[in-house]
Amino acid sequence: MIQQVHSHPNIYRIRVDLPDNPLQYLNAYVIKGVSGNLVIDTGFNRPECKRALCQGLQELDIRLQSDTSLFITHLHADHSGLVGLFAQAGCPIYMHPVDYQYLVDSEDGSTWKAAEDNFMREGMPPAEIKTQFSNQARTFSPNPHFPVNPVHDGDCLHLAGCDLQVIHTPGHTPGLCCLYLPKEEVFFTSDHILFDITPNIQVWYHMKQALQRYLESLQKVRELPAQLALPGHREGDTSIAGRIDEIVAHHDRRLAEICHLAGLYPHSTAYDIAPHMTWSMRGKQWKDFPPTQKWFALGETLAHIEYLVDHGVLCCREEQGCRHYDLVRTET
Ligand SMILES: [Zn+2]
Ligand SMILES: [Zn+2]
């Protein structure tokens, strides 16, 4: 399903459904120029997404060849999964090198293994870790062997007849980049800013303090003039600053909730704390969460715990290979 979202330049959204995924669909954007095109993000590496993307491109009369470029905003498989289609056709591919390296490193499974070992230390039972092998982020990930044009913060790309500014906003992933059309004030926010769901913030092994970095990256774009904001999932809005303030307030509430729970349940693991937190899973209880959602929920809990430990609010003690957290008691 395609929808024109802007004219001069002509920008279209291809809705790529993500079956069995709470995100529901990915927004792949296409800037259709006279002498070239730009596609932003792809969908998972699975037949349903490939069909939707290819059908959308066909409706727009766009053939995959060297005058069509692909910009991958970040490493997540729902954005990068179908990069192989573009690589095979000789399309130039743009991506931040940090996220590209993560894709390469995850190919032999070592990145996932490191994450599993870490989640085990945070209290996740081995049986639950095993259920993660069917995580869509793993099964529908791209083949990382593609030539990449590395992009960095502040780069100006001239593609599809447009001047596009690259804005590096680490947090949701270490290398997430938004794109911005300064003349038209169109802001492709990817998963940095979503409007009716909150972007997931995880822990990363080569980027400490993901939540801190994310909050800084929100402030970095808060004053950006935007006539149109085009997010990676769901619908967009124009009030960037207002939405950023809501997201910041959401994380403040999460931090306060964890402090409260750490006081209530001393010496807990992150896995002990996570089930007591407020999750918007349509009334489901923790025990009924799908395995993938438990994984993301524990990662999100950990990102907040990491922030609180770094700010001296919580302390961590490792005993028998398992980390436990307590409020730091200040002497009065
Ligand atoms: Zn993402
Ligand atoms: Zn996404």
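Helix 9 (residues 240-264) packs against helix 11 (residues 291-310) at an angle of about 80°, and their axes are 10 Å apart. That makes helix 9 roughly perpendicular to helix 11. Do keep in mind that this is a predicted model.

**Helix packing**
- On the helix 9 side, the contact is made by His250, His251, Arg254, Leu255, Ile258 and Cys259.
- Helix 11 contributes Glu300, Thr301, His304, Ile305, Tyr307 and Leu308 to the contact.

**Zinc ion (ligand 1)**
- Four protein atoms coordinate this ion at 2.1 to 2.3 Å: His74 (NE2), His76 (ND1), His172 (NE2) and Asp191 (OD).
- The site is irregular, with angles of 92 to 167° among its 4 donor atoms.
- Along the chain, the donors follow the spacing H-x1-H-x95-H-x18-D.
- Distant parts of the chain are linked here: histidine 74 sits in the loop between strand 5 (68-71) and helix 2, while histidine 172 sits in the loop between strand 9 and strand 10 (177-181), 98 residues apart.
- Histidine 74 is buried, with a relative accessible area of 0%, and histidine 172 also counts as buried, at 5% relative accessibility.

**Zinc ion (ligand 2)**
- The protein donors of this ion are Asp78 (OD), His79 (NE2), Asp191 (OD) and His233 (NE2), at 2.0 to 2.4 Å.
- Because the 4 donor atoms subtend angles of 87 to 158°, the arrangement is irregular.
- The donor spacing along the chain reads D-H-x111-D-x41-H.
- Aspartate 78 belongs to helix 2 (residues 77-80) and aspartate 191 to the loop between strand 11 (186-190) and helix 8 (210-221), so the pair ties together parts that are 113 residues apart in sequence.
- Both aspartate 78 and aspartate 191 are buried.

- Aspartate 191 bridges the zinc ion (ligand 1) and the zinc ion (ligand 2), which are 3.4 Å apart.

- Strand 8 pairs with strand 9 (residues 162-168) in the antiparallel sense, over 4 bridges.
- Histidine 158 stands opposite aspartate 163 of strand 9.

Technical notes
Residues are numbered from 1 along each chain as its sequence is written. Chains are lettered from A and ligands numbered from 1 in the order in which they are written. This is a predicted model: local features need pLDDT of at least 70, side-chain atom pairs count only at pLDDT 80 or more; totals for chains, interfaces and linings use all residues. Side-chain values use heavy atoms; hydrogens and water are left out. Two strands pair if DSSP finds at least two bridges between them. Helices (H or I, at least four residues) and strands (E, at least two) are DSSP runs, numbered from the N terminus. Donors are N, O and S atoms within 2.8 Å of the metal (3.2 Å for Na, K and Ca); water is not among the atoms, so sites may look incomplete. Four donors count as tetrahedral if all angles lie between 85 and 135 degrees; four count as square planar and six as octahedral if opposite donors are over 155 degrees apart and all others between 65 and 115; anything else is irregular. Buried means under 20% relative accessible area, exposed over 50%, partly exposed in between (1.4 Å probe, protein chains only). Axes are lines fitted to C-alpha atoms, for helices over the stretch in contact, and angles run from 0 to 180 degrees between N-to-C directions. Angles under 35 degrees count as roughly parallel, over 145 as roughly antiparallel, 65 to 115 as roughly perpendicular and the rest as oblique. Contact means heavy atoms within 4.5 Å.
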